[in-house]
Structure formats: C-alpha cells, structure tokens
Amino acid sequence: MSCLFCRIASGEIPADIVWQDDALIAFRDIAPQAPTHILLITRDHHVTVGELATADPALAATFMSAVAAVAAQEGLSDYRLVFNSGAEAGQSVFHVHGHLLAGRPLSWPPG
Ligand code: 5GP
Ligand code: ZN
C-alpha cells in the first residue's frame with residue numbers, strides 16, 4: 001500500500017487522531033498552518049473531493065457532517081475548510097482530505 005493516508009487510516013503510520021468513525025478519520029496535520037489544523041480523510045481511498053462526491057455521494061455528505069462534528073468537538077465557531085484538488089491547486093497527497101484551519105485570522109484570497 002503506497003498511499004500515505006491509506007497507511008494512516010490502517011494504523012500502519014501513526015497520527016494524532018482527534019475523531020474517527022467507521023468511515024472517516026480526523027487527525028492533526030504534521031505541519032500545522034494555523035493553531036488548529038486538522039485533516040479529515042475517508043478510510044476508503046478516494047483521490048479528490050470531486051471523485052469522492054461522484055463515486056460515493058452518501059459518503060461525501062457524511063464527510064460534511066463529520067466536519068461539523070470535529071469543529072464542535074474542538075470548540076470552533078470560526079474555521080476554514082479547504083480541499084486542494086489537483087497538483088496546481090496545491091494537492092500533494094492524492095487521497096481526499098479536508099483541511100480544517102482555525103485559531104488565527106485567515107486572509108482571503110488564499111495564495
Ligand atoms: P495537501 O497539500 O495535499 O492539500 O495536504 C497534505 C497535508 O498533509 C499537508 O498539510 C501536510 O502537512 C500533511 N501531511 C503530509 N504528510 C503527513 C503525515 O505523515 N502525517 C500528518 N499528520 N500529516 C501529513
Ligand atoms: Zn489512499
């Protein structure tokens with residue numbers, strides 16, 4: 001298994017997991033870009049958020065509910081959810097993940 005986030009999902013590579021259920025896992029980013037920087041991933045391998053939404057719309061909807069659950073657990077009222085989709089958009093790990101960023105003012109537009 002070569003996909004980094006599949007290896008985290010299987011437990012082969014350790015991560016600071018903050019929330020999980022049978023389909024999704026949230027863990028802290030190894031290089032946080034804000035005081036709170038959590039990655040939410042599917043346990044199953046999907047490449048991008050668009051591919052996930054096409055292949056498994058029910059899981060994509062569940063993913064959004066999980067974002068809300070993680071934000072509530074972390075006590076976040078203000079946060080940014082980012083999906084980098086494709087290399088030009090900044091995606092470096094090709095297993096779908098939402099970045100949950102919070103804890104400092106976030107500028108717009110992003111770089
Ligand atoms: P992307 O650039 O694909 O949108 O985001 C990938 C994210 O994964 C980056 O923010 C990066 O810091 C994070 N990351 C890369 N390798 C690891 C790892 O081994 N563990 C954790 N927790 N995060 C990682
Ligand atoms: Zn994967």
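Student: By class, how many nonpolar, polar and charged residues does the shell around ligand 1 have?
Tutor: Ala, Val, Leu, Ile, Met, Phe, Trp, Tyr, Cys and Pro count as nonpolar, Asp, Glu, Lys and Arg as charged, and the others, including Gly, as polar. The shell around ligand 1 then splits into 8 nonpolar, 6 polar and 2 charged residues.

Student: At what pLDDT do side-chain atom pairs count?
Tutor: Residues are numbered from 1 along each chain as its sequence is written, chains are lettered from A and ligands numbered from 1 in written order, and side-chain values use heavy atoms, without hydrogens or water. This is a predicted model: totals for chains, interfaces and linings use all residues, local features need pLDDT of at least 70, and side-chain atom pairs need pLDDT 80 or more.

Student: Which residues are closest to ligand 1?
Tutor: 16 residues surround ligand 1 (a heavy atom within 4 Å). The closest are Asp29, Asn84, Gly90, Ser92 and His99.

Student: How much of ligand 1 does the protein bury?
Tutor: Start with polar contacts (N or O pairs within 3.5 Å). Oxygen atoms of ligand 1 lie 2.9 Å from a polar backbone atom of Gly90, 2.7 Å from one of Ser92 and 2.9 Å from a side-chain N or O of His97. Alone, ligand 1 exposes 520 Å² (Shrake-Rupley, 1.4 Å probe). The protein buries 82% of that.

Student: Which element gives the most to this shell?
Tutor: Helices (H or I, at least four residues) and strands (E, at least two) are DSSP runs. Those giving two or more residues are α1 (4-10), β2 (24-28) and β5 (97-102). With 3 residues, the most comes from α1.

Student: Which residue of β2 stands opposite Gln20?
Tutor: β1 (residues 17-20) and β2 pair in the antiparallel sense over 3 bridges (DSSP, at least two needed). A hairpin of 3 residues joins β1 to β2. Opposite Gln20 stands Ile25.

Note on methods:
A polar contact is a pair of N or O atoms within 3.5 Å; within protein, one must be able to donate a hydrogen and the other to accept it, and residues adjacent in sequence count only if both atoms are side-chain atoms.
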